[in-house]
Amino acid sequence: MKRIYNVWVENRSGVLCKVAGLFSRRSYNIDSLTVGETQDKTVSSMTILSSGTPHTLEQIEKQLNKKLDVIKVRTFSEEQAICREVILLKIKYTSDQRREIMEICEFLKAEIVDATTTHMIITLCDTPDRIEKLLSMVRKFNIVEISRTGTLAMPKCGDGE
Amino acid sequence: MNGANLLTKALEQEGVRYVFGYPGVSICPFFDALKDSGINPVLMRTEQSAGHAANGYARAAGEVGVCAVSSGPGATNLITAIATAFADSIPIVCITGQVPTEQIGSDMFQEADIIGAAESFVKYSYSVRTAKDIPRIVKEAFHIASTGRKGPVLIDLPVDVQNNEGGAFAPVGNVNLRTYKPTMKGHAVQIKKVLKVLEESKRPILCVGGGVISSKAGEKVTAFAEKYNLPVVSTMMGIGVMRSDHPLYMGMVGNNGKKYANKAMNESDLLIMVGARVADRAVSQPDLITKDKILVHIDIDPAEIGKNAGPSIPIVGDAGLIFDELNKADLKCDFKDWTEQLIRYSKTRDEKQQSTAKYVDPNLLVKTVSELLDENGIYVADVGQNQIYSASNYICKGGKYFTSGGMGTMGYSLPAAIGAHFADPDAQIVCAIGDGALQMVLSELSKLAEIGPDIKIILMDNRSLGMIREYQHYHYENRYTMVDLGAVPDYSLIAKAYGIPYRRIKNNKELNALEAVFNEKGPYLVEVNVDSDAFTAY
């Protein structure tokens, strides 16, 4: 079972370490973790993707709430949230491969943001499954480097908002 | 005012009377500032003992205990004591000196990242960067340590911050932390549910843990039990909530507990756990406990509820406040018949006894010692076989009982007993310890000799590391390894070297000599010869 945790924490040094440490110490999985400042400069927002049994997923929420630097924990499934991830891909290519790569990019709305006659960097900001789709389609080429942000998530707009 | 003076002033404001510690260059400004204050520094013989002494002080006084040590090895030596306090939810504030702010991260002499190293054992930690922040940080640290689920808070204080000017001291008002608002009051709907299931139940039982002691709710819980003739059992950390001779008290549960206490818990149809973790030592199969009974779990820490067993009715809050509410109700139920049935059963069980003429029976020893101990005396048990013998045979007459329950830290008892003495100087204290653990903290005999407290060390001497020896007997077919203490010292000479009165008890007949030991005020080392083949479980 997968679960997304959106954790608002005090924007202080060492807090990321405390939260990540909690996961490793209690043997919880981190599938991905992103962190950044919010509209309030004293607050950072962490998006943590985790998987485990329902019992473990409930414990994660409780243990996160117990941390004194944690302001708020929201938890939701992937369906309940808008999820985005950014990927950067560096590919080494030959001239006869270029056309196909460009077609894949066009198909998935990925962007070629840098290129030489032998290398190019592709980027895509999309849902995690579309990112996986891109990866599966370009895997046959010579991928030199991959960098991913991990999932960013925000619960969908509710009626009461 | 410099940082060290601000710290001292802030501690005075919290009512601190003693700081247990060990010096080093990085904490010198603070100890120097203490000289001009009303706070007494207590020099222990190693940093770990300073932490345990603060722990013993906190438990005996019902207040926050404070310890202060230096940077590097001083700080790392403290970690075991921090973890011990964390596991038992004991409120202590630990102050560690640190290398100058500018040098942090440069691996200079006696630098250790104590904040990082202790992270998983503290309730919270502060790395102080500005002297003027000290009063606020101290106020917050005491608030965090002593509220909600209590525990250790660490303040790491670079030496330059102690020396820097931080302005005049101004008392800090109420603490308001946006990330920390523990639930104290139990949810009214949940409380009603508990009363309803109690009314409907046939065989209810209360199981009390350390949380009841921590919230000072013993009398309220007892009153509730008495109102409906509810039988009560306790975990190891809950020993002392009820007097042993209370007709409703069935004793300790768990794999080392009383058989009839376990039977009572197993046969109940409603189990009300209060301030206990439903952990492996108290309940053999926590996940199966709700199979045939309703489990009510009352705890201040929401993360404990459902961690080991999914309760039918969870209540988050302070045990004292919750029982205030529960006591307001007037239910028409009485469980006298069920309780009497349990009492009748308990009387059919034979008492544990090690029958040997050559040695002292440790079960009988603990009974004798706790009978001789003053009514309000404090019994501190160490870790190992002595802990099990103590927990299963200690007779509570209204006094306090401490042990390292969660972490099981050997060498806890003597420094914790010393800390307890500072909290309650008139209290008679028993330190029950094995010969393995005593050799770990032998240095504290020097502290004992220095201050002469009324601490009776009951040394269960079996010339081996008994608990592990027992484990190897049952699980490794008597392939004993690493458990023979070999060249044990002559404890009479050890006692003489420190100037502490000494007596040796070789067999059950000689146990009556203990009366003279307890009639004399002051420290005593009583060496009790125990059979290395005597096992706690059989």
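Mentor: A polar contact is a pair of N or O atoms within 3.5 Å; within protein, one must be able to donate a hydrogen and the other to accept it, and residues adjacent in sequence count only if both atoms are side-chain atoms. This is a predicted model, in which local features need pLDDT of at least 70 and side-chain atom pairs count only at pLDDT 80 or more, while totals for chains, interfaces and linings use all residues. Residues are numbered from 1 along each chain as its sequence is written, chains are lettered from A and ligands numbered from 1 in the order in which they are written, and side-chain values use heavy atoms, with hydrogens and water left out.

Trainee: How many residue pairs are in polar contact across the interface of chain B and chain A?

Mentor: Contact itself means heavy atoms within 4.5 Å, and on that basis 16 residues of chain B touch 18 residues of chain A. With both residues at pLDDT 80 or more, the number of pairs in polar contact across this interface is 12.

Trainee: How many salt bridges does the rule find across the interface of chain B and chain A?

Mentor: A salt bridge is a side-chain nitrogen of Lys or Arg within 4 Å of a carboxyl oxygen of Asp or Glu. A:K66 and B:D301 form a salt bridge, with their closest N and O atoms 2.6 Å apart. Across the interface of chain B and chain A, the number of salt bridges is four.

Trainee: Which three residues supply 40% of the area that chain B buries against chain A?

Mentor: Buried area is the accessible area (1.4 Å probe) that two parts lose on being put together, summed over both. Chain B and chain A bury about 1,500 Å² between them, 46% of it on carbon and sulfur atoms. More of chain B's share comes from these three residues than from any other three: B:Y124, B:R178 and B:T179.

Trainee: What percentage of the residues in chain A are buried?

Mentor: The C-alpha trace of chain A spans about 55 × 35 × 35 Å along its principal axes. Of the 161 residues in chain A, the buried ones make up 39%.

Key. Buried < 20%, exposed > 50% of the residue type's maximum accessible area, 1.4 Å probe, protein only.
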